[in-house]
Amino acid sequence: MNHDSILRRPHITEKSSLGAERTGGHSYTFEVAPSANKAVVAKAVIAAYKVTPVRVNMITIPAKQTFARGKRGTRSGYKKAVVFLKK
């Protein structure tokens, strides 16, 4: 697998921005492939951005049932990784 298939896209939300601010701007959040683990994400970050992560935290967001305008649906789940870099 190449790093493009592991790191799907940056996950930019208010919560991830506050987390990056709390760490002094040294943490970045990515949506990753469901099969990715910490070691694979770290290698993908090295290949894509030429920086070495200090640590990687993984979070799995489960799929959830939704109900809006009289229709039932499902909001898909995903996996995200928080990558911490050196100061």
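Biologist: What pattern does the chain follow when read along the sequence?

Modeller: In this predicted model, the chain follows the pattern α-β-α-β-α-β-β-β-β. That corresponds to three helices and six strands.

Biologist: Why are strand 1 and strand 2 called a pair?

Modeller: Two strands pair if DSSP finds at least two bridges between them.

Biologist: What is the order of the strands in the open sheet?

Modeller: The order of its four strands is 1-2-6-3, and the pairing is antiparallel.

Biologist: Why do strand 1 and strand 3 stand at the edges?

Modeller: Strand 1 (7-10) and strand 3 (53-61) each have a single partner strand, so one side of each lacks a neighbour in the sheet. From one strand to the next, the twist averages 30 degrees.

Biologist: Which strands does helix 3 touch as it packs on the sheet?

Modeller: Helix 3 touches strand 1, strand 2, strand 3 and strand 6 (78-85). The direction of helix 3 makes about 120 degrees with that of strand 3.

Biologist: How do you know that the charged end of Arg55 sits over the ring of Phe84?

Modeller: The charged end of Arg55 is 4.0 Å from the centre of the Phe84 ring. The definition asks for a distance within 6 Å and a position within 35 degrees of the ring normal. The distance lies within that limit, and Arg55 is assigned as sitting over the ring.

Biologist: Which element gives the largest share of the lining of the largest pocket?

Modeller: Helix 2 gives the largest share, five residues. The largest pocket holds about 280 Å³ of space. Of its 14 lining residues, those closest to its centre are Lys15, Ser16, Gly19, Thr29 and Val82.

Notes
Residues are numbered from 1 along each chain as its sequence is written. This is a predicted model: local features need pLDDT of at least 70, side-chain atom pairs count only at pLDDT 80 or more; totals for chains, interfaces and linings use all residues. Side-chain values use heavy atoms; hydrogens and water are left out. Helices (H or I, at least four residues) and strands (E, at least two) are DSSP runs, numbered from the N terminus. Axes are lines fitted to C-alpha atoms, for helices over the stretch in contact, and angles run from 0 to 180 degrees between N-to-C directions. Contact means heavy atoms within 4.5 Å. On a 1 Å grid over the protein atoms alone, a cavity is a set of points where a 1.4 Å probe fits but cannot get out, and a pocket is an open set with protein on both sides within 12 Å along at least five of seven lines; lining residues have an atom within 4 Å of a point. Grid points are joined across faces, edges and corners, and a volume is the space filled by probe spheres set on the points.
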